[in-house]
Amino acid sequence: MTTIDHCNQPGLRPYLDAKQEMLNQLDKVSKCELVGLEQLLNRILADDIHSPIDVPSFANSAMDGYALSANTVVADTPLTLIGTSLAGHPFTGRVAAGECVRIMTGAALPLGADSVVMQENCDLDAHLVSVSGTVTPGQNVRFPAEDLAQGELVFSAGTRINARVLAVLSSLGLEQLYVYRPLTVALLSTGDELKTPGQLLGPGDIYDSNRIALRAMLKSLDIKVIDYGIIKDDPELIRQALVKAATEADAIITSGGVSVGDADYIKQILEEVGRIGFWKLAIKPGKPFAFGHINDCPFFGLPGNPVSAAVTFHLLVRPALAKLAGETLAAPVTLQAKTLMAFKKSPGRMDFQRAIVSTQADGSLGVIAAGAQSSGVFSAMAQANCLLRLEQDRGDVAEGELVTLELIDGLYW
């Protein structure tokens with residue numbers, strides 16, 4: 001018989017319900033600014049982008065070869081080579097029946113030509129070109145507007161500009177665009193036991209890794225960070241920091257102090273200076289996650305355990321920041337894989353276990369645990385390339401079962 005573990009108390013908010021409730025309470029805060037092409041990487045488009053031109057704007061060759069009119073090719077009759085068309089240096093004459101033009105990839109198709117024969121299918125003897133095989137009109141030709149037509153919607157507002165998007169924007173000749181200004185997030189850790197890397201550890205001390213990791217994840221999203229550092233477990237110091245942060249930032253992220261220990265003051269202070277949206281979720285890791293507001297500034301209280309902090313940032317804070325920033329965030333792509341080992345799981349909370357997925361000899365996907373699943377063991381998190389999404393009511397997972405996973409490698413951690 002499967003039992004409910006001691007952390008799965010009744011009344012915990014289901015993950016998806018909490019996420020939707022949180023997003024419903026958030027509105028876009030970023031304003032627009034006009035930014036040049038060289039500074040657009042990782043910014044969020046504020047307007048729909050329609051193509052100002054046809055791409056390509058002229059018919060051109062898809063490969064190196066010979067441009068000709070397909071319907072005038074006669075078997076066993078060589079064509080007369082009358083010129084060359086290079087990229088940026090088009091042939092300005094006209095190709096008549098029985099003629100051809102040497103053409104390079106990307107070069108404009110000459111007048112009178114409607115196809116290109118790749119050079120491997122041609123033999124050149126002086127100024128005569130023999131063509132082998134059949135030739136059909138339009139072969140190896142890129143036609144005008146084949147990629148994008150003038151006026152066509154290319155990207156919608158809310159698109160994050162990555163290198164691929166930037167390449168398309170450049171191909172349209174766009175010099176500057178309106179994008180949303182980057183968010184500013186206040187970040188702090190709480191705990192008497194925390195020390196900055198480089199300091200000596202005393203009895204019971206640990207290094208503050210959460211703030212370092214969260215700061216890196218935020219910066220990878222082009223978010224400006226106000227780093228408040230480590231705040232001691234002093235209610236007044238925490239209160240002052242949160243109230244000040246609410247006046248300086250678009251959102252506040254804390255790490256630690258949201259559990260039920262004697263020195264966990266975040267929930268109490270949030271109730272005093274703001275309002276709590278929810279606290280405690282039916283997820284593992286990350287049950288003691290808090291969401292609320294201080295005035296109009298959203299607050300995200302992450303657990304102190306390193307894995308819990310990283311996972312709840314990914315699952316909850318990342319979508320929330322996207323909405324604040326005006327970004328349209330696509331739902332994560334999930335895959336099905338077969339377990340190559342057993343996974344322990346108690347019903348009651350949705351479990352996001354850290355794992356490694358790989359392609360097996362038969363082409364199927366197989367998954368193993370990345371290491372110990374304790375929320376304090378971040379070394380396993382560093383090895384993982386996916387999260388197993390084990391359903392709330394699911395129990396232990398045997399070897400050979402199908403599980404749902406989400407790839408995380410290369411996102412921002």
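Start by selecting arginine 211 and aspartate 208: both are buried, where buried means under 20% relative accessible area, exposed means over 50% and partly exposed is in between, using a 1.4 Å probe and protein chains only. Their side chains meet in a salt bridge at 2.8 Å, N to O; the term stands for a side-chain nitrogen of Lys or Arg within 4 Å of a carboxyl oxygen of Asp or Glu.

Before moving on, a word on the ground rules. This is a predicted model, in which local features need pLDDT of at least 70 and side-chain atom pairs count only at pLDDT 80 or more, while totals for chains, interfaces and linings use all residues. Residues are numbered from 1 along each chain as its sequence is written, and side-chain values use heavy atoms, with hydrogens and water left out.

Next, select glutamate 236 and arginine 239, whose side chains form a salt bridge at 2.6 Å, N to O. Both sit in helix 4 (residues 235-248), 3 residues apart, about one turn of the helix; helices (H or I, at least four residues) and strands (E, at least two) are DSSP runs, numbered from the N terminus.

Which parts does the next pair tie together? Pick aspartate 222 and arginine 43, which meet in a salt bridge at 3.6 Å, N to O. Aspartate 222 lies in the loop between helix 3 (210-220) and strand 17 (224-231), and arginine 43 in the loop between strand 1 and strand 2, so the pair links parts 179 residues apart in sequence. Aspartate 222 is partly exposed at 27% relative accessible area, whereas arginine 43 is buried at 8%.

Two strands count as paired if DSSP finds at least two bridges between them. Strand 1 and strand 13 (residues 176-180) share 5 bridges, and valine 35 has leucine 177 as its bridge partner in strand 13.

Finish at leucine 387 in strand 26 (residues 386-390). Leucine 387 is buried, at 0% relative accessibility. Its contacts (heavy atoms within 4.5 Å) include His314, Phe352 and Leu405.

Technical notes. Lists of a residue's contacts leave out its neighbours within four places in sequence.
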